[in-house]
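Open the structure in your viewer and keep the selection tool at hand. The stops below say what to select and what is there.

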Amino acid sequence: METLIEPAIEATIAEQIMAAERKALLQTYARYPLVIMRGKGCHVWDVDGKKYLDLLSGIGVNALGHAHPRIVKAIRDQVGKLIHCSNLYYHEFQGRLAERLAGISGLDRAFFCNSGTEAAEGALKIAKAFGRAIHPGKNEIVALENSFHGRSIGALSITGQPKYRNDFEPLLPGVRFIPRHDTGALEAAVSERTAAIFLELIQGEGGIYPLGEEMTRKARELADRYNALLVLDEIQCGVGRPGTYFAYQLIQPAVLPDLMIAAKPLGAGLPVGVIMTNERAAKALGTGMHGTTFGGGALACRVALECVNIIDELLPHIRKTGQYFRAELEKMTRRFPFVREVRGHGLMLGVEIDFTCKHFVTDAMAEGLLINVTHETVVRLLPPYIIQEREVDRAIRGLRNVFRKAARNHKPSA
Ligand code: PLP
């Protein structure tokens with residue numbers, strides 16, 4: 001009798017990789033079905049060799065693109081000498097990086113850690129210790145609705161978005177949230193009990209919302225009036241992305257914070273976060289009050305130093321290409337009535353759509369583009385700083401196709 005043998009259906013490499021994750025990882029991420037194998041410049045390639053223009057840079061991390069030759073060289077050189085030696089000893093790069101960041105930020109001292117969340121946690125500890133040294137009741141934090149500062153209990157406590165917080169309540173007490181553009185609410189929330197005001201000058205995860213000069217200056221004035229710290233979260237909007245080193249430098253004369261936190265692009269892909277403070281805030285932390293095993297390692301600091309050197313040279317390019325990208329986006333989106341607004345600074349751009357547009361991400365992938373949609377309705381673009389105008393043109397062509405498809409499929413509600 002003839003036996004029918006089912007042809008063996010081999011799982012593709014991509015399917016095997018995805019299956020392993022489904023089985024063995026905590027299911028915290030809703031990933032797209034894309035396995036990235038390598039990157040070069042502004043492009044990445046998937047497991048099947050398909051090429052994508054990366055307009056998201058690992059959510060703002062790969063700001064120098066992929067495999068930047070100077071970063072590769074610094075890593076290769078340092079990895080054979082010293083990767084890590086703990087914070088029990090000195091190495092040659094931590095102090096140099098701190099001095100360099102002090103020079104570009106206008107602040108005085110640095111503490112290095114490994115992520116944005118860790119920097120936000122450290123900033124909260126400084127704020128608490130600063131307030132407590134003045135008065136035990138000076139422990140309130142004022143933060144913005146719609147903000148995002150990270151996923152630890154402390155960082156969540158100052159993140160003004162219920163969807164991230166709800167499952168973990170109760171969080172830290174004493175946090176007052178105010179609307180983004182409401183200087184009156186800010187004035188009403190800040191008092192002698194306030195230890196710190198936390199702001200993102202361009203809300204990133206929240207949908208690329210620049211805060212504006214009036215709110216920023218008011219926050220500075222109130223922090224001075226009530227002897228509180230002004231803390232700026234520059235994790236997504238800083239380190240070159242807005243076309244200046246930091247978003248607070250967009251305002252002229254610049255409003256200096258007492259404390260600033262940065263991360264994402266700083267390590268050019270390695271996990272590096274930093275807390276920068278002025279002397280007033282620095283005094284809140286004495287020896288032994290804060291620390292980290294990994295933070296400020298030799299490899300991380302050497303690479304971050306090289307990253308800053310490269311960004312120095314790229315700032316005019318970021319401004320010019322950012323303006324070009326924004327102008328082209330405005331031109332392209334004008335004919336789509338469902339586009340509400342294009343906003344942002346430098347190479348941090350958002351396009352707000354008047355319906356849920358999460359599917360734009362997969363539509364863009366089909367066009368060979370990596371983009372992101374945040375808050376359901378905002379297309380978020382955080383391209384590498386090295387992006388060229390011809391790559392912007394390529395991005396615009398792909399995005400136009402995505403928008404055209406949406407125009408065909410989307411029926412405006414009556
Ligand atoms: N703060 C801001 C403004 C952010 O955008 C992020 C991350 O997106 C964080 C904090 C948290 O940083 P990380 O994910 O490196 O912990």
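How many bridges join β11 to strand β12, and do they run parallel or antiparallel? Four bridges join β11 to β12 (residues 273-277), and the two strands run antiparallel.

Some ground rules come before the other stops. This is a predicted model, in which local features need pLDDT of at least 70 and side-chain atom pairs count only at pLDDT 80 or more, while totals for chains, interfaces and linings use all residues. Residues are numbered from 1 along each chain as its sequence is written, and side-chain values use heavy atoms, with hydrogens and water left out. Helices (H or I, at least four residues) and strands (E, at least two) are DSSP runs, numbered from the N terminus. Two strands pair if DSSP finds at least two bridges between them.

**Stop 1: strand β11**

Select residues 259-262, which make up β11. Leu259 and Ile261 point one way from the strand, Met260 and Ala262 point the other way, and all are buried. Here buried means under 20% relative accessible area, exposed means over 50%, and partly exposed lies in between (1.4 Å probe, protein chains only). Within the pairing with β12, Ala262 has Val274 as its bridge partner. Val231 has Leu259 of β11 as its bridge partner.

**Stop 2: the open sheet**

Next, select β1, β2, β3 and β15. These four strands form an open sheet in the order β1-β2-β3-β15, with mixed pairing. Its edge strands are β1 (36-40) and β15 (369-370), each of which pairs on one side only. Between β1 and β2 (residues 43-46) there are four bridges, and these strands run antiparallel. Look for Gly39, which stands opposite Val44 in β2.

**Stop 3: the ligand**

Ser115, Gly116, Thr117, Phe148, His149, Gly150, Glu200, Asp233, Ile235, Gln236 and Lys264 surround the ligand. By class, this shell has two nonpolar, six polar and three charged residues. The classes are Ala, Val, Leu, Ile, Met, Phe, Trp, Tyr, Cys and Pro as nonpolar, Asp, Glu, Lys and Arg as charged, and the others, Gly among them, as polar.

A polar backbone atom of Gly116 is 2.9 Å from an oxygen atom of the ligand. An N or O atom in the side chain of Thr117 is 2.5 Å from a ligand oxygen. For Lys264, a polar side-chain atom lies 3.1 Å from an oxygen atom of the ligand. The protein covers 81% of the 390 Å² of accessible area that the ligand has on its own (Shrake-Rupley method, 1.4 Å probe).

**Stop 4: the cysteines**

How many disulfides does a search of the whole structure find? The search finds zero, a disulfide being a pair of cysteine sulfur atoms within 2.5 Å. Cys307 counts as buried because its relative accessibility is 0%. Cys357 also counts as buried, at 0% relative accessibility.

**Stop 5: helix α11**

Finish with residues 298-333, helix α11, where Thr333 is found. Thr333 counts as buried because its relative accessibility is 4%. A polar atom of its side chain lies 3.4 Å from the backbone oxygen of Glu330. Leu329 is also placed in helix α11, and it counts as buried at 0% relative accessibility. Last, select Asp393: its C-alpha atom is separated by 9.7 Å from that of Leu329, 64 residues apart along the chain.

Terms used
Near = heavy atom within 4 Å. Polar contact = N/O pair within 3.5 Å; in protein donor to acceptor, adjacent residues only side chain to side chain.
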